[in-house]
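Here is a short report for a reader new to this structure. Look over the sequence and the model first, then read on.

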Amino acid sequence: MKNKRIIVGQIMHESSALAKNLTEVENFKRTLIWYESDDVFTLSKIGMKDYLTGIIDRSLELEFDVKPCFCTFASPSGIISKDCFAELFHQFFDHIPDNQPIDGFCLALHGAGVSEEFPDVEGTVAEHIRKLYGKDIPIIMTLDPHANITDKMVEHIDLLVPSKLYPHTDTYETGKFAAELMDRMLKGEIHPKMYVKKIPLLIPITKGCTAESPMKDVMEKCEHVAAQKDILYCVFDHGFPYSNIAECGASIVTIYENDAETAISMTDQVAKYVVENKNLFLSDLLSVPEGLDLAEQTLASQGGPIIMNESSDNPGAGTPGDGTYLLAELLERNIPHSCIGAIVDPETVQAAVATGVGNTIDAMIGGKTDQMHGSPVEVKNAYVKAICDGKYTLKSPMTFGQPVNFGTTVRLRKGNVDIIVSSNPFQIMDDGIFLLLGINVKECSIVGVKSAQHFKAYFEKLASCIISVDPPGISTGHLEILPLDKISRPVLPFDEITF
């Protein structure tokens with residue numbers, strides 16, 4: 001019998017409707033992940049570990065005839081422009097082989113992709129697959145746990161497989177599991193069904209870490225469901241409120257065989273637990289002054305390095321990355337051996353490059369994108385310590401081996417504070433950009449980073465402690481201050497609901 005032919009591919013984008021600028025093709029290409037047809041195999045060859053390489057590697061082990069169509073990723077940013085989505089759409093479908101039988105689609109998409117035309121990128125892609133290839137061809141799609149699972153996705157996709165962990169250190173394993181489900185389905189070993197329980201609850205990224213309560217508790221309840229006979233998978237999907245679409249919200253996805261009654265009943269019980277404990281998902285982070293007060297006390301008692309993350313200006317959730325609240329306070333306190341990165345400010349980078357290493361510049365750093373993330377910080381006689389191209393590959397368990405491109409990046413020093421200023425936004429996931437510029441974070445007292453949770457996958461093992469702060473910004477945990485005007489109401493925590 002011939003090997004089953006499956007199409008694999010990826011369009012990965014987490015879209016923030018609150019970001020000032022649209023996402024264009026350039027946003028995707030600057031990440032260095034834009035592969036067509038068989039070139040997609042390059043990701044596995046370079047050793048990258050994510051959803052798609054998990055799908056590909058396991059599919060090849062299972063002796064599928066794997067046909068990649070298209071793979072791209074852009075760092076989270078504003079909604080995708082009409083022209084950009086048209087290009088992504090055509091790249092995806094134009095590279096599906098013509099005149100060859102196809103047995104299934106095993107895809108890696110995000111679940112919070114939004115374009116100017118379509119509030120549901122993933123559902124739109126799946127709908128078109130159905131239009132072209134019919135209702136019977138199996139479609140399995142891995143999702144980020146921040147997916148906003150829509151009715152269109154449920155209608156057109158046989159199995160949705162969100163990963164479980166945040167930080168997302170299980171993406172490769174999730175991709176492998178999706179390939180195994182496809183294999184068992186095509187062999188007729190299983191005939192799985194999917195139950196998606198939507199929960200009218202908005203969860204800020206500040207409360208999403210699955211190593212901490214309340215997420216840890218919910219995840220354990222889902223694992224209990226998954227341990228039951230005939231249940232193949234159960235996962236709590238957080239949703240992504242910053243997309244600001246009607247169907248934003250949390251969900252529970254359960255994949256099962258045969259016993260629908262048990263699967264539905266147990267899933268609904270987990271959903272009931274989540275709603276009853278809705279107040280546990282309210283953000284409770286410190287302000288910047290409070291965080292630095294605690295950091296100085298901790299330094300005096302146990303030393304560093306202390307990692308301070310600025311959750312509200314997290315480029316991993318589509319923010320500009322040029323927020324200045326933590327930067328300004330660090331400069332004011334001038335704590336020895338402190339650093340922060342990366343502040344996105346191409347203008348300051350260009351000035352530093354023009355001046356050259358070993359010289360000083362006067363600069364207004366950050367705060368140039370909008371009025372929410374702080375004002376530009378005036379820095380006089382900042383010493384230009386180092387310049388790099390901002391390119392390396394991630395060492396974090398979170399998408400290990402992924403190419404990173406901060407663009408031309410500089411290290412400025414003012415007093416006791418080292419400031420990393422980049423050209424492109426990308427959240428800090430490991431210490432790679434620090435090392436490129438000669439900073440060993442293990443020798444620092446305080447390390448300020450722009451990230452909400454993903455940095456923990458790498459930094460938790462080397463940090464004396466982690467202190468999270470939440471000044472104003474479009475990825476703040478305080479959802480009530482954001483203009484989330486398109487989300488269907490009523491919804492928790494804004495409204496009282498009967499569930």
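## Cysteines

The structure holds 0 disulfides, a disulfide being a pair of cysteine sulfur atoms within 2.5 Å. In general, a disulfide is a covalent bond between the sulfur atoms of two cysteines. C465 is in no disulfide either; the nearest cysteine sulfur, that of C444, is 14 Å away.

## About the model

This is a predicted model, in which local features need pLDDT of at least 70, side-chain atom pairs count only at pLDDT 80 or more, and totals for chains, interfaces and linings use all residues. Residues are numbered from 1 along each chain as its sequence is written, and side-chain values use heavy atoms, with hydrogens and water left out.

## An open sheet and its helices

Helices (H or I, at least four residues) and strands (E, at least two) are DSSP runs, numbered from the N terminus. Two strands pair if DSSP finds at least two bridges between them. In general, strands of a sheet pair through backbone hydrogen bonds, either parallel or antiparallel.

An open sheet is formed by 3 strands in the order β9-β11-β10, with antiparallel pairing. Its edge strands are β9 (193-199) and β10 (231-237), each pairing on one side only. Neighbouring strands of this sheet are turned by 10° against each other on average, direction ignored. For such angles, axes are lines fitted to C-alpha atoms, for helices over the stretch in contact, and values run from 0 to 180 degrees between N-to-C directions.

β10 pairs with β11 (residues 250-256) in the antiparallel sense over 6 bridges. V235 stands opposite V253 in β11. Two helices pack on this sheet. Helix α7 (residues 171-186) touches β10 and β11, and its direction makes about 145° with that of β10. Helix α8 (residues 215-226) also touches β10 and β11; its direction makes about 165° with that of β10. Contact means heavy atoms within 4.5 Å.

## An enclosed strand

How many of the 9 residues of strand β4 are buried? The number is 7, so β4 (residues 65-73) is largely enclosed by the rest of the structure.

Strand β1 (residues 5-12) runs parallel to β4, joined by 7 bridges. M12 stands opposite F73 in β4. Strand β3 (residues 34-36) pairs with β4 in the antiparallel sense, over 3 bridges. There, the bridge partner of E36 is F70 in β4.

## A buried threonine

T142 sits in strand β7 (residues 139-143). T142 is buried, with a relative accessible area of 0%. Not counting residues up to four places away in sequence, T142 touches Y51, I55, L107, A108, L109, V161, T174, G175 and A178.

## Cavities and pockets

Rolling a probe the size of a water molecule over the atoms shows where empty space is left. On a 1 Å grid over the protein atoms alone, a cavity is a set of points where a 1.4 Å probe fits but cannot get out; a pocket is an open set with protein on both sides within 12 Å along at least five of seven lines; lining residues have an atom within 4 Å of a point. Grid points are joined across faces, edges and corners, and a volume is the space filled by probe spheres set on the points.

The count comes to 2 cavities of 30 Å³ or more. The largest cavity holds about 400 Å³ of space. It is lined by 31 residues, of which F73, D144, H168, M398 and H454 are the closest to its centre.

The largest pocket holds about 470 Å³. Of its 30 lining residues, N27, R30, T319, P320 and P425 are the closest to its centre. β5 (77-78) and β17 (403-405) each supply at least two residues of this lining. β17 gives the most, with 3 residues.

## Backbone details

A cis peptide bond joins S213 and P214, with omega about 10°. P214 is in the loop between β9 and α8. The peptide bond from G304 to P305 is also cis, with omega near 0°. P305 lies in the loop between α10 (288-302) and β12 (306-310).

N244 is not a glycine, yet its phi is positive, near 55°. N244 lies in the loop between β10 and β11 and is buried, with a relative accessible area of 5%. N381, also not a glycine, has a positive phi of about 55°. N381 is found in strand β15 (residues 377-388).

Notes:
Buried means under 20% relative accessible area, exposed over 50%, partly exposed in between (1.4 Å probe, protein chains only).
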